[in-house]
Every structure is written in structure tokens, then in C-alpha cells.
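Please keep the model open while you go through this note. Each point below covers one topic.

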Amino acid sequence: LSKVYRYTLQNKNSETVSLKTEIEFIRHYIFLLETRFAKAVHFTINIEEKEFDRGIVPVTTQMLIENVVKHNIISLTNPLQISITTQHSFLVVSNTVNKKKQVETSNKQGLESLGSLYQYLSPTPIEVNETVNLFTVKIPLI
């Protein structure tokens, strides 16, 4: 928890960090989620090494994963699968879909705000795709 908090404080005024730094951070955050949900959540990280020096807004991956946890049922009978990869100069976060019927604290602005932020930093927009079984967000690497 202290490593997650430290990263957030150290980078609160940074426009971007390297993807490598962000992935090192998200591994600590994933550890916390795996401790909380045990075998009800599974993570896969597959980042192309050539993308490690590209930029990303700090805590982008945490915001995306929080969104996944907030909107999906997490259970041992139907574990949530979350994948973090790179593809054609994008960071891609995908998850299986098992939507909650109602999300109490959602204002439906999270992805929209993230899109606006990246619109300011990159000519390439974020991409959000949803099918019955899979929800995917693609973030352009800077």
C-alpha cells in the first residue's frame, strides 16, 4: 500500500511517466487486489519491451482497473480476468464482462475524463470497445 501511495504522491505533478515505471507501479496495485479478492481475479501482463520508454499519464492503469472492479461482479465461481498488454503503440486493458446490475457511486464520467485528458496530450484518441464478453480500453502511448 505504501508503494502505491508513494508513486501517486511522487508523480502527482508529472504529465507523463514511462510505461515501464507505470507497469512497475501497477504490479504493486495488483498485489493489493489479489490480496483482497484472492482467486476471484486473475491478471495477465504482457508488455512489449520496445514500448517501455513510451509515456503514459501516471495512474492511468490504476484508474482503468478500478473501473473494471467497480462495474463487474467478482466471484470465485466466475473469476474476473484482466489483461494489460501493448498493441500498435497502445496500452490495452481488457477484462471479461460480468456487469453489476447497479453501481452505486458511478457518475459515468471516468472514461470520458480520461479521454479528454489524452486528447490534450495526444492526437490519437483513446478507444473503448465492448462486446457481450469483453470490455477493452486502448490508451495511446505518448
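**Notes on a predicted model**

1. **A hairpin to begin with.** This is a predicted model. Strands S6 and S7 form a hairpin, with three residues between them. S6 covers residues 127–130, and S7 covers residues 134–140. Four bridges join the two strands, which pair in the antiparallel sense. Look for Val128: Val137 in S7 stands opposite this residue.

2. **One cavity.** How many cavities of 30 Å³ or more does a search of the whole structure find? The search finds one. The volume of the largest cavity is about 40 Å³. Its lining consists of Leu64, Asn67, Val68, Val93, Asn95, Phe135 and Val137. Helix H3 (60–71), strand S5 (90–96) and S7 are the elements that each give two or more residues to this lining. H3 provides the largest share, three residues.

3. **What kind of lining?** Sort the lining residues of the largest cavity by type. Five are nonpolar and two are polar. None is charged.

4. **The nonpolar core.** The largest nonpolar core contains 36 residues. Ile26, Ile65, Ile82, Ile84, Leu91 and Ile139 have the most contacts inside it. Several elements each supply at least two residues of this core, among them helix H1 (2–10), strand S2 (41–46), strand S4 (80–87) and helix H4 (110–121). H3, S5 and S7 also each supply at least two. The largest share comes from H2, with eight residues. Helix H2 spans residues 19–37.

5. **Ile82 up close.** Which residues does Ile82 touch, leaving aside those up to four places away in sequence? The list is Val41, His42, Phe43, Thr44, Ile65, Val68, Val93, Ser94 and Asn95. Ile65 is another of the residues with the most contacts inside the core.

6. **Check the loop between S4 and S5.** His88 sits in this loop. Its phi is positive, about 50°, although His88 is not a glycine. Ser89 is found in the loop between S4 and S5 too. Ser89 has a positive phi of about 65°, and it is not a glycine either.

7. **Buried or exposed?** His88 has a relative accessibility of 69%, so it counts as exposed, the cut-off being over 50%. Ser89 has a relative accessible area of 29%, so this residue is partly exposed.

Conventions. Residues are numbered from 1 along each chain as its sequence is written. This is a predicted model: local features need pLDDT of at least 70, side-chain atom pairs count only at pLDDT 80 or more; totals for chains, interfaces and linings use all residues. Side-chain values use heavy atoms; hydrogens and water are left out. Two strands pair if DSSP finds at least two bridges between them. On a 1 Å grid over the protein atoms alone, a cavity is a set of points where a 1.4 Å probe fits but cannot get out, and a pocket is an open set with protein on both sides within 12 Å along at least five of seven lines; lining residues have an atom within 4 Å of a point. Grid points are joined across faces, edges and corners, and a volume is the space filled by probe spheres set on the points. Ala, Val, Leu, Ile, Met, Phe, Trp, Tyr, Cys and Pro count as nonpolar, Asp, Glu, Lys and Arg as charged, and the others, Gly among them, as polar. A nonpolar core is a set of buried Ala, Val, Leu, Ile, Met, Phe, Trp, Tyr and Cys residues joined through side-chain atoms within 4.5 Å. Buried means under 20% relative accessible area, exposed over 50%, partly exposed in between (1.4 Å probe, protein chains only). Contact means heavy atoms within 4.5 Å.
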